[in-house]
Amino acid sequence: MFDLYNQAHGLQACSPAQPTRLLVVPATAHGGVAHQLLWLLARRLAREGEQVLVLDGMASEAAGTGLKSLLEAPRAAPVPWPGDWTEDAVAGVHIMPGRLGLLQLGNQAHGQVTGATVSRLIQALPQGVFVLLTAPVEVLAVVLQGTAARPLVPLDAQPRTLVEAYNAAKVLLQAGELLPVLVPMAPAGRNNRGGLHALDAPVQALAQCARTHLGVDLQIWPVAYDESCDTPANRVPEPWWFKVLDSALTVTSDVVPHDLRQPAEVAAEPDSRRC
């Protein structure tokens, strides 16, 4: 009887670790459209009860802060929850600088097996958060190389963002062995002339260019967003939102007894969870 009790107590001490999910938005030189997409995602996720961590690969960490300090901490050290060491943007959304830490991971990536770098990144963060990663495409291509991550490449009708989107897709495809998704974005509403229709021709031309010169049919997920809506849940269409959620990279860990963390594994398939 006591033996059965001990077995049950031992099993109870082991619990499956919460998976960490990752969406990727490449940073752009001009910033506007990438920033818009990033915060549409962040606010919607927070509204649905997620703890959202925006990992900003464009902002450098001060000494002893941000991603770099977490990567340099002992592996056995407990990882604090986001609110303990990040800036709060809105309720449920936390921002952490990570430029130096991501560069460090990139420099260590050479010769490692596929997924090892992103696994190390996730191990440094609290389990169960929803990570929105933004960084230059050159950094993302190294850190995420060969994984099932689907970077969301935003673009609008500005010629410079179309050129940036093509260059980003090229780097992610060729250097990162990733499958990026083009996300044409336009405000919804009667006061916005053309909307997504104004993007049809340039986006199709971009896709044809990728087909011809890169040998790939890029997926295109256009979205008309409405910032006038009262709640984040109403600002983007539901089918688009679920498609984005399904594209999130899920990083899971093995059973974790007490505070001992096992090596993380990068899931081969996108997350199918519906929020």
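**Before you click**

This is a predicted model, in which local features need pLDDT of at least 70 and side-chain atom pairs count only at pLDDT 80 or more, while totals for chains, interfaces and linings use all residues. Residues are numbered from 1 along each chain as its sequence is written, and side-chain values use heavy atoms, with hydrogens and water left out.

**The whole chain**

Show the protein chain as a cartoon: there are 9 helices and 13 strands (DSSP runs numbered from the N terminus, with H or I over at least four residues for helices and E over at least two for strands). Colour by accessibility next, and 45% of the 275 residues count as buried. Buried stands for under 20% relative accessible area, exposed for over 50%, and partly exposed for what lies in between, with a 1.4 Å probe and protein chains only. The surface comes to about 13,700 Å², and carbon and sulfur atoms supply 54% of that area (Shrake-Rupley method, 1.4 Å probe; for residues, only the protein chains shown count as cover). Turn to contacts, meaning heavy atoms within 4.5 Å: among those with a separation of 6 or more, 79% come from residues 24 or more positions apart.

**Stop 1: helix 2 and helix 9**

Two packed helices are described by the angle between their axes and the distance between the axes. Select residues 32-47 (helix 2) and 238-246 (helix 9), which pack at about 90 degrees with their axes 12 Å apart. Axes here are lines fitted to C-alpha atoms, for helices over the stretch in contact, and angles run from 0 to 180 degrees between N-to-C directions. Helix 2 and helix 9 are therefore roughly perpendicular; the label covers 65 to 115 degrees, whereas under 35 is roughly parallel, over 145 roughly antiparallel and the rest oblique.

Now show side chains. Helix 2 brings Leu37, Leu41, Arg44 and Leu45 to meet Glu238, Trp240, Trp241, Val244 and Leu245 of helix 9. By class, this contact has 7 nonpolar, no polar and 2 charged residues (nonpolar: Ala, Val, Leu, Ile, Met, Phe, Trp, Tyr, Cys and Pro; charged: Asp, Glu, Lys and Arg; polar: the others, Gly among them).

**Stop 2: helix 7 and helix 8**

Move on to helix 7 and to helix 8 (residues 197-213), packed at about 30 degrees with axes 11 Å apart. These two are therefore roughly parallel. Which residues meet here? Leu162, Ala165 and Tyr166 in helix 7 touch Pro202, Leu206, Cys209, Ala210 and His213 in helix 8. The contact divides into 7 nonpolar, 1 polar and no charged residues.

Stay on helix 7 and pick Asn167, which is partly exposed at 39% relative accessibility.

**Stop 3: Gln219**

Select Gln219 in strand 9 (residues 219-220). Gln219 is partly exposed, at 36% relative accessibility. Leaving aside residues up to four places away in sequence, Gln219 touches Arg150, Val181 and Leu182. From Gln219 to Leu182 the C-alpha distance is 6.2 Å, across 37 residues of sequence.

**Stop 4: a loop residue**

Follow the loop between helix 7 (159-174) and strand 8 (181-187) to find Glu177. Check its phi: the value is near 55 degrees, positive in a residue other than glycine. Buried or exposed? Glu177 is exposed, at 54% relative accessible area.

**Last stop: helix 5**

Finish with residues 116-123, helix 5, which is largely enclosed by the rest of the structure because 6 of its 8 residues are buried. To highlight them, select Thr117, Val118, Ser119, Arg120, Leu121 and Ile122.
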